Amino acid sequence: MSQSAAAGGSNKENKFTLAALAGVPLIMVLGNSMLIPVLPEMAKALKVSQMKISLIITLFSVPAGLVIPISGFLSDRYGRKKVIIPSLALYGLGGLLAGAAALIFKDAAFPWILGGRILQGIGAAGTAPIAMALCGDLWKGKERAKSLGVIEASNGMGKVSSPILGSLLGLIAWWAIFFFFPIVIAIVILGVWFLCQEPETKKEPKKVKEYVNSIKKIFKKKSSLLLTGFFAGSAALSILFGVLFYLSDFLEQRYGLDGVIKGAALAIPVLFMSSTSYITGALIKKKVKLMKWLVVIGHALIATSLVTLPLFNNVYIFFAGISLAGIGTGLVLPCLNTLITGATDKDERGLVTSLYGSVRFLGVAAGPPLFGWLVGISPAVMFWASAGVALVAAVLAFFFIKVKAIQSSQEAGNQQIGQGNQFKQQPTIIKPVTKSTLIYHSLAWRPLSHFHMVARKPMPNMSARKQDGQVNNGDGQNQ
């Protein structure tokens, strides 16, 4: 990839590179969402309860959330691609293990499938968050915001398509989904390998202690932005997946929808979210103030829609409400991605974005069981409680995302980069010479404006000037 890509240039190589990176979060999203439509059939085939079959989701999400920070540290120390590609390979290997176990061990395959899902979860930890960090390395300014918007849109499109795709593969067999993972992953690995080239760094990797201290300094300086961003992103995704979990049961119980039709209905709010994410990423560029207000407005839209849903008993209003929540989520996530990736230097970006990804992943994992518990109390309590969480996130974003502090930090970073690119002034050494001399520095590294005419004092026992127009050059002869 050309250097213009790293500088934020716009060319074909950038588009292909971004397309390859966009495949990484797509793979991560498919890990859970594709399996949801076939879980009932899987439970029957494996002769396990609904509680046990839920471990198929849990033992993917929890390892991913726990391992993501480690993957971020490794990507900062050894490189993004050196983490992304092995992680994708491990993800595919887990799918092969689960699918092969289903074919070989039949109804006794459940423990092996859980082992495969753990491997997939560990692999997922090194995918989307590291791809976000690599986008932050490759592009700057408005190009960075746009690329992260595409990453978020790809994430959203994976959520849109995965229930439908899972339902279609389930028509073949419930275990067919596990073999689908390595096929798609092989394509993404080839794309990342050949189309993505990391910008080179001349810095030596930091020691673990130095690394941890630098992260502490980042959170000490920017704790309000990072912690608020972490909470806002986690809350948005927890609410979204909680609503989708409720909606799946609601559509089946209330309207008898199942299979591909139900998957298409579940895709509606996520389609609004992914479309809004793409548009938002293209518009925000480097506008920090706009990003802050979109985070506030997005969570306010989520809160407003959830407050009104229990008040109406109409399917069209219900879908309009959850679509509005999807739009709000699409406003929030690209802005948070850009603010958080831009808040850190390249050397610490991998760990910070991975911590953010971990929090997001755990938010996704927490949404369905939390909403399931709340709906047992009352659907109205579920909606109003989640609306309260969204409102808290909006208030925190309003007060703790400091526009001036972020802008001044960015300006300071740009000044440091500019100073690093300037030539250092070298000391001028004046020596006695036998002839008058013009001392200059080689044009290979010094522009014309840096020529120096150096005057020297006459050496001892020399007369300074003999006659007008004659200069003492130190050899006793006149010129």
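Is Asp-107 buried, partly exposed or exposed? At 38% relative accessibility, Asp-107 counts as partly exposed, where buried means under 20% relative accessible area, exposed means over 50%, and partly exposed lies in between, with a 1.4 Å probe and protein chains only.

Good morning, colleagues. The structure is a predicted model: local features need pLDDT of at least 70, side-chain atom pairs count only at pLDDT 80 or more, and totals for chains, interfaces and linings use all residues. Residues are numbered from 1 along each chain as its sequence is written, and side-chain values use heavy atoms, with hydrogens and water left out.

I begin with the overall picture. The protein chain has 17 helices and zero strands; helices (H or I, at least four residues) and strands (E, at least two) are DSSP runs, numbered from the N terminus. Of its 479 residues, 48% are buried. Among contacts with a separation of 6 or more, 80% join residues 24 or more positions apart, a contact being heavy atoms within 4.5 Å. The chain exposes about 23800 Å², and carbon and sulfur atoms supply 66% of that area; accessible areas come from the Shrake-Rupley method with a 1.4 Å probe, and for residues only the protein chains shown count as cover.

I turn to the salt bridges. The count comes to three, under the rule that a side-chain nitrogen of Lys or Arg lies within 4 Å of a carboxyl oxygen of Asp or Glu. One of them joins the side chains of Lys-47 and Asp-107, at 3.4 Å from N to O. Lys-47 lies in the loop between α3 and α4 and Asp-107 in the loop between α6 and α7, so this pair ties together parts that are 60 residues apart in sequence. Lys-47 is exposed, with a relative accessible area of 66%. Its phi is near 60°, a positive value in a residue other than glycine.

A positive phi also occurs at Lys-106, about 55°, although Lys-106 is not a glycine. This residue sits in the loop between α6 (81-105) and α7 (110-124), and it is exposed at 54% relative accessible area.

Which residues are linked in a network of salt bridges? They are Asp-76, Arg-80 and Asp-137. Arg-80 meets Asp-76 at 2.6 Å, N to O, and both of these residues are buried. Arg-80 also meets Asp-137, at 2.7 Å. Arg-80 lies in the loop between α5 (55-78) and α6, and Asp-137 in helix α8 (residues 128-138), so the pair ties together parts that are 57 residues apart in sequence. Asp-137 is buried, as is Arg-80.

The next residue is Lys-81, in helix α6. At 18% relative accessibility, Lys-81 counts as buried. A polar atom of its side chain lies 3.1 Å from the backbone oxygen of Trp-193. Leaving aside neighbours within four places in sequence, Lys-81 is in contact with Pro-86, Val-192, Trp-193, Cys-196 and Glu-198.

Now the aromatic residues. A search of the whole structure finds nine aromatic pairs; rings of Phe, Tyr and Trp (its six-membered ring) pair if their centres lie within 6.5 Å, and planes under 30 degrees apart count as stacked, over 60 as edge-to-face and the rest as tilted. Phe-105 and Trp-112 form a stacked pair, with 5.3 Å centre to centre and 5° between the planes. Phe-105 is partly exposed at 37% relative accessibility, and Trp-112 is partly exposed at 44%. The rings of Phe-318 and Phe-383 have their centres 6.4 Å apart and their planes at 75°, so this pair is edge-to-face. It links distant parts of the chain, with Phe-318 in helix α14 (residues 315-341) and Phe-383 in helix α16, 65 residues apart. Phe-318 and Phe-383 are both buried. Finally, ring pairs link Phe-60, Tyr-91 and Phe-181 into a cluster.

I close with the surface. Trp-293, Ile-297, Leu-391, Val-395, Phe-398, Phe-399 and Phe-400 make a nonpolar patch of about 640 Å². Patches are made of residues with over 30% relative accessible area and no salt bridge, like charges being joined within 9 Å and nonpolar side chains (Val, Leu, Ile, Met, Phe, Trp, Tyr) within 5 Å. The elements giving two or more residues to the nonpolar patch are α13 (288-308) and α16 (379-400), and α16 gives the most, with five residues. Trp-293 lies in helix α13 and is partly exposed, with a relative accessible area of 37%.

Conventions
Polar contact = N/O pair within 3.5 Å; in protein donor to acceptor, adjacent residues only side chain to side chain.
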